[in-house]
Amino acid sequence: MNKQRAQQIAVSPVMAHVTFNNQPIYIQHVDETNGTARIYPIDQPENELEVSLNELHELI
């Protein structure tokens, strides 16, 4: 996923369909400098991860 799109999704009030390892996730924050995002699985908000934007996929 590119940085700009990830940032748009992170700030949008509309929930986008994004996955990490085929699991639906929520993007909390995008670090454009490092090309990473802080995410968590939709059903496990306590399990935050910092992952590469390249590992995120938007389902359209």
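Guide: With a relative accessible area of 75%, Asn22 is exposed, because anything over 50% counts as such. Asn22 sits in the loop between S1 and S2, and please keep in mind that this is a predicted model. The phi of Asn22 is near 65 degrees, a positive value in a residue other than glycine. Asn21 belongs to that loop too, between strand S1 (18-20) and strand S2 (23-31). Asn21 has a positive phi of about 55 degrees, although it is not a glycine either, and at 59% relative accessibility Asn21 counts as exposed.

Now let us step from the loop to the strands on either side of it. The largest nonpolar core has 15 residues, and those with the most contacts inside it include Val18, Ile25 and Ile27. S1 and S2 each give two or more residues to this core, as do helix H1 (3-11) and strand S3 (36-41). Beyond its neighbours within four places in sequence, Val18 is in contact with residues including Met1, Ile9, Ile25, Ile27 and Leu56.

Ile9 brings us to H1, where Ala6, Ile9 and Ala10 are buried. Seen down the helix axis, the buried residues of H1 fall within an arc of 100 degrees, so they line one face. Those buried residues pack against S1, S2 and strand S5 (56-58), while the face turned away from them carries the exposed Gln4 and Val11. At the start of H1, a side-chain oxygen of Asn2 comes to within 3.1 Å of the backbone nitrogen of Gln4.

Definitions and conventions
Residues numbered from 1 in each chain as written. Predicted model: local features only at pLDDT ≥ 70, side-chain atom pairs only at ≥ 80, totals over all residues. Heavy atoms only, no water. Helix = DSSP H or I, 4+ residues; strand = E, 2+ residues; numbered from the N terminus. Buried < 20%, exposed > 50% of the residue type's maximum accessible area, 1.4 Å probe, protein only. Core = buried A, V, L, I, M, F, W, Y, C linked by side-chain atoms within 4.5 Å. Contact = heavy atoms within 4.5 Å. Arc of directions from axis to C-beta. Polar contact = N/O pair within 3.5 Å; in protein donor to acceptor, adjacent residues only side chain to side chain.
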